[in-house]
Amino acid sequence: MRQADRIAAVLLLALAAGYGAVAIRDYAYWDANGPGSGFLPVWLAAALTGLGGLLLVSAVRARDPGPAPVPRGHGAVRLGAVLAATVALVALLPVLGMATGTALFLAVLLRGLERHSWPVTLGVAVGTATVNWAVFTWWLRVPFPTGVLGF
Amino acid sequence: MLSRRALVATALVLTATATVTLTGFAQGKYPTRPIEVVVPYAPGGGTDNLMRMIVSIIDENKWSPQPITVNNRAGGSGAVGYNYLVGKKGNPHVVAGATPFVVSGKIQGRINANHRDGMTILMIVAVDELMLSVRSDSPYRTLEDFVKAAKASPAKLTIGGTGTNTEDHIFTHLFEEAAGIKVKYVPFNSGGEVTTALLGGHVDAAVENPNEVIAQVEAGKARNLAVAAEKRMADAKDVPTFAEKGYTFYWNQYRGVVGPADMGAEAVRWWQETLKKVVTSQRWQEAYIKKNLLTPTDWTGDEANKYLDGLNSKYEKVLANLGAIKK
Amino acid sequence: MDLLHNLALGFSIALTPFNVLMAMVGVTMGTLIGALPGVGPASGVALLLPLTFGMSPTSGIIMLSALYAGSMYGGTITSVLINTPGESASVVTCLDGHQMALRGRAGPALGMAAIGSFLAGSVGVVLLMGMAPLLARWALSFGPPETFALMLLGLTTVTGLTGDHAVKGYISMVLGLMLSMIGIDIVSGDARYTAGLPDMLDGVDFLPVAIGLFGMGEVLVGAEQATRAEILHGRYGLRDVLPSAADWVRSRLAIVRGTIIGFLVGVLPGAGPTIASFLAYTVEKKLSRHPEEFGQGAIEGVAAPESANNAGSAGALVPMLTLGIPGSATTAVMMGGLMMWGLRPGPLLFEKNPDFVWGLIASLYLANVMLLVLNVAFIPVFVRALRVPYGILMPLIIVFCVTGAYSLNNRVWDVGQMLVFGVLGYAMKKLDYSPAALTLALVLGPLAERALRQSLIISDVGILILLQRPIAATLTALALAAVAVPVARAVWRVTVRRPAAA
C-alpha cells in the first residue's frame, strides 16, 4: 500500500498541477458578476494539491510496506485477460457490431480463461448475444452498432 | 480496407440477411431501406417532440413504405448528433431534426459543417417565436415600464434564459441594443428552470417560447410584454411586437428537418413531398402548430437555404459581439 | 368531502379493466427497463409514447406513470445482485445492497427495497394528492440561492461516504468535483476541459461513471481471484426473502426519513430522485448509531435511498401537474406526451381535466400495489441469478455493462468512458478510495456551482444574498454546522479533555 500511495500521490499532484494550469490559462477566474468559469477549477486544483501532499507525506512516513500495489501471478494474468478482452470488444464494436462482438467476447473468455466445455461456451455466448440483441434492437429500438456482418 | 472488403464478401455468402439488405440498394424507389431519424438532443426537448410528431403523422398515414425509427443521439448541445449526420454523407436514409445549431454550431467550431457544406436542409417546418415575459404581479405592466425601469437603474434588472451564447442570450443582447439598456442576464439549464425562476420571482423577466409560458398566462400567473417577431402571433394577438413599440429587432428559432450532404435528388424530393403532406395535415395544424403557438412555414430548397444564410451572418455578428467565437 | 369525492372519481377511472391492464403493462415494462442498465425511465417513456396515441390521454398517462414508478423498483434489482445500477436513482443502493447480497442476504435487501418503495410511493401519492398546490408554492420559493444552500448541505454529507481513510475520501470527492467541471459551462459558455472533443461538451455523464466504478470495477476485482469466495447461499423461499423483525426495527425510521427527504427533494426543480436517494443515504448514515456498518451491508442503507427515489418520483409529478413545468427528464417526456394528446399541462390542469389528474393519482396507488406484489413474488426468481457460477456470470456482467453504457445515448463513447471508470473503480477499491464520494460529488458539483454563480448574478449584495433569504440562510447554517460541529468536537477533545486526562 505504501508504494501504491506514493505513486498515486505523485500522479494526483501532477493532475492537480495540470488541471490548475489549464484553468488559469484558459478560463476567467473572476468576471463581471463574480466567480468565473476558472474559479472553482483553481480551488479544486489547490485542494487536490493539499490532499495529494498529505497522502505523500503519510506514505513516505509509513513503516509498514503493506500489500503489493500491483497484482501478481495468476491473478494478474486473469485480470489482464479480462481487461484486454473488454478493451478489444469496445475497440472493435464499430467493426464487429454488438451481436457478433459480444458473442466472440463471451466465447473467448468462457473457453480461453474459464475453461468451460465447448457446448457451454457456445450455448452461453450465442444465446446471450442473441437475447441481448433481440431485446435491445427489437423491443427497445436501440440502434446497436452493426459492423460488417450486418448485426 | 482489403480485409474488410473480404469480410463483406464472406458475409454476403454466409448470411441471408446481409444479402437482403445489400441488394435493397439496387432496386426500387426511395426509401429502399429503414430510415433513421436522429434527434441530436435528449428525449423530451422541443426537437424530440417535433420529430416524434412528424414520424407519428407519417406512420399513421402510411406514407413511408419503410419503417422509420427515432434515435436520440444527444451530446454537446447537439454537436454529437449533427456530426453523426455530417458523417453520413451520401446516405439518404438518415435525417435529423434541425435547429439553429445547424448554423451556429459550425460558427462556434462544434460541428464540422453547416447547411451549405455538409448538410441538406429538407424543409423548415415552423418558426418558434421568442417573447419577454414577466410575472402577473410584476410592477412592469408593459414593455415601456420595463425599459423605463432598466434605464433608471442600469444593470439591476434580471432576465432569465436558457444557456449562454444561445438563442435566449442573443435575444437579451439584441433587446439591450435596440432599447439602449443594460440588464443582467441569468442563464439556466433548461426552459423549465427558467419558468420556475420567473414564477418564483427570482428573476424580473424571462425569455420564453410561447408554448413554455402560455399555460401560465391562461392561469393568470404570467404576462407577455412583447414578441420579437415581425407581425403579432396569430393565436396571441394581444402581445405586441418589439418593433411596434419602437425597439426594432427580430429573433426566433426555426424548426426543420435536415439530411446529410449528397442525399440524391430523389430522396430530397421524397422528403420535401412527404413533409409538405405532413405540414398540411389537420393533425399537424391542431396538435402541433396551434398547441405550441408556432408560426407555420414550409420553406424548402433555395428559400430555406437563403433563410439559413441570413441566419448564419446574424449569428456570426452577434456571437462575435458576445465574444463566443474562439480564434 | 371534496378530496374523497375526487378520489372516488379517480378510482372509478383507474379501475376500468382497460386502465388496470395499462397500469400492469406499465409496471412490468418499467421494472424491466429499470433493471436494464442504460435505458432509463426517460427513454422508456419516449419508447412507449407512440403506443399511447390511440388511447385516451388518461389511459396513456396511467401507463407512462406506472412505467416511471416501475423503473424505480427495477433499478434496485441489478444494483443488489451484481452491483450494477440499472438507473441513476439506484446507484447508491449498490453500496449496501450488494454487500448484503455477498453475505447471502440478497432476498431481504430486495424485500426491504420493495416494501420501502411501496410505503414511500404510497405516502408520496397521498402528499401529491393532498398538498400539491402548497408544495408547488414551496418549490417556487427555491431560487438559485436556496438551491445552492441545499447543494452545499448535500456536499457536506459527502464526508459521510469517505470510508476508513479520510484523506483518500476527500481526494475522491475532489476528483468527482473536478470531473464535474468538464463540458460547457452554461454560465460563461466556455467549454471546459473538453480537449476539443464534441463528445465531451455535455460533460462526464453520471451513469456510465457509476456503471464503471461499481459494476465493472467489482467485476475486475472478482476476475483477479482465481477461486472466488462463493456468495453465501441463503434460502430463497418466499418467507426467507422477507425482512426479519430485526431488519424492520432498524429500517422503519430510515423509510420514514427517506420518504420525507425523497418527496421534498423530488418536488424541487432540477433536483429529482437521484439526488434524493443520495441525500437520504448520507443523512441516514449521519443519524445512525452504528455508522460503521454502512457500506458493509446495513439494511437501512437500502431502505432509505429506495424509499427516497420512489417518493421522489411521485414528488417530481407535482411541478408537472400543478405548474406545467417538468421537474425531471422523465416528466419532460411525459409533458411532450400530454401536448400530443391535446392537453395543455399548466396551472389549470386540475380544474380543466379533473378526470385526467385524479385518474392518474388513483392509478399510482394501484401501480404501487402491483409493484409490491410483482417484486416480492419474483424475488426468489431474481435471486437465483446468483447461483450461476461466477466464471459464467462475470463475462455476462461485462456484456451487461457494455450494452447498458451504449444504450444510454447510443454511442460507443459512453462504453469507453464506462471502461475507463471501471479500471479506476478497480484501483479505488484496491487502494481504499471512495467511489461513492466521487459519484455524489459528480452529481452535486455542477448544480452547486451553477446555482452559486446564478445567485451572484442576481444578487446586489454579493454572497450575502444567502443570508438575506430565510430558507437559504437556514440551509447554509445547517451546512456550516455540519462542518463546524465535528471540528469543534475534535478541538474540544484535544484542548479540554487531554489536559484533564494528563
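Two residues are counted as in contact if their C-beta atoms, placed from the backbone, lie within 7 Å. On that basis, in this predicted model, residues 24 or more positions apart account for 80% of the contacts in chain C with a separation of 6 or more. Among contacts in chain B between residues at least 6 apart in sequence, 72% join residues at least 24 apart.

**Chains B and C**

The secondary structure of chain C consists of 22 helices and two strands. Its radius of gyration is 22 Å, close to the 23 Å that the globule rule gives for 502 residues, so chain C is as compact as a globular protein of that length. Chain B, by contrast in its make-up, has twelve helices and eleven strands. For its 327 residues a compact globule would have a radius of gyration near 20 Å, and the value of 22 Å found for chain B agrees with this.

| Chain | Extent along the principal axes | Buried residues |
|---|---|---|
| Chain B | roughly 80 × 45 × 35 Å | 50% of the 327 residues |
| Chain C | about 75 × 65 × 55 Å | 66% of the 502 residues |

**The contact between chains B and C**

The contact between these two chains takes 42 residues from chain B and 44 residues from chain C. On the side of chain B that touches chain C, the elements giving two or more residues are helix 3, helix 4 (79-86), strand 7 (184-188), helix 8 (191-199) and helix 9 (210-218) of chain B. Of this side, the largest share, six residues, comes from helix 8 of chain B. Sorted by class, the side of chain B that touches chain C has 14 nonpolar, 19 polar and nine charged residues.

One residue of helix 3 (residues 46-60) of chain B can be followed in detail, namely Asn49(B). When its neighbours within four places in sequence are left aside, Asn49(B) is in contact with Gly336(C) and Met339(C). Is Asn49(B) buried or exposed? Asn49(B) has 26 other C-beta atoms within 10 Å, and because the cut-off for a buried residue is 20 or more such atoms, Asn49(B) is classed as buried. Within its own chain, Asn49(B) and Asp298(B) are 249 residues apart along the sequence, and their C-alpha atoms are separated by 18 Å.

**Domains**

Chain B is divided into domain 1 (31-128 + 253-321) and domain 2 (131-250), and the C-alpha centres of these two domains of chain B lie 27 Å apart. Their contact takes ten residues from domain 1 of chain B and eleven residues from domain 2 of chain B. Helix 12 (residues 301-321) of chain B gives the most to the domain 1 side of this contact, with three residues. By class, that side of domain 1 of chain B has four nonpolar, four polar and two charged residues.

For chain A, the domain assignment gives domain 1 (2-61) and domain 2 (73-139), and 39 Å separate the centres of these two domains of chain A, taken over C-alpha atoms.

**Strands of chain B**

Strand 7 of chain B, already named at the contact with chain C, is mostly covered, since five of its five residues are buried. In a regular strand the side chains alternate between the two faces of the sheet. In strand 7 of chain B, Lys184(B), Val186(B) and Phe188(B) point one way, while Tyr185(B) and Pro187(B) point the other way, and all are buried. Strand 6 (residues 158-162) of chain B pairs with strand 7 of chain B in the parallel sense over five bridges, and the bridge partner of Ile159(B) in strand 7 is Tyr185(B). Together with helix 7 (residues 167-179) of chain B, strand 6 and strand 7 of chain B make a right-handed β-α-β unit.

Strand 10 (residues 252-260) of chain B is likewise mostly covered, with nine of its nine residues buried.

Conventions
Residues are numbered from 1 along each chain as its sequence is written. Chains are lettered from A and ligands numbered from 1 in the order in which they are written. This is a predicted model: local features need pLDDT of at least 70, side-chain atom pairs count only at pLDDT 80 or more; totals for chains, interfaces and linings use all residues. Helices (H or I, at least four residues) and strands (E, at least two) are DSSP runs, numbered from the N terminus. A residue is buried if 20 or more other C-beta atoms lie within 10 Å of its own, exposed if 12 or fewer, and partly exposed in between; C-beta atoms are placed from the backbone. Ala, Val, Leu, Ile, Met, Phe, Trp, Tyr, Cys and Pro count as nonpolar, Asp, Glu, Lys and Arg as charged, and the others, Gly among them, as polar. The radius of gyration is taken over C-alpha atoms; the globule rule is 2.2 Å times the number of residues to the power 0.38. Domain bounds come from an automatic or database domain assignment. Two strands pair if DSSP finds at least two bridges between them. A crossover is right-handed if, with the strands pointing away from the viewer, the path from the first strand over the helix to the second runs clockwise.
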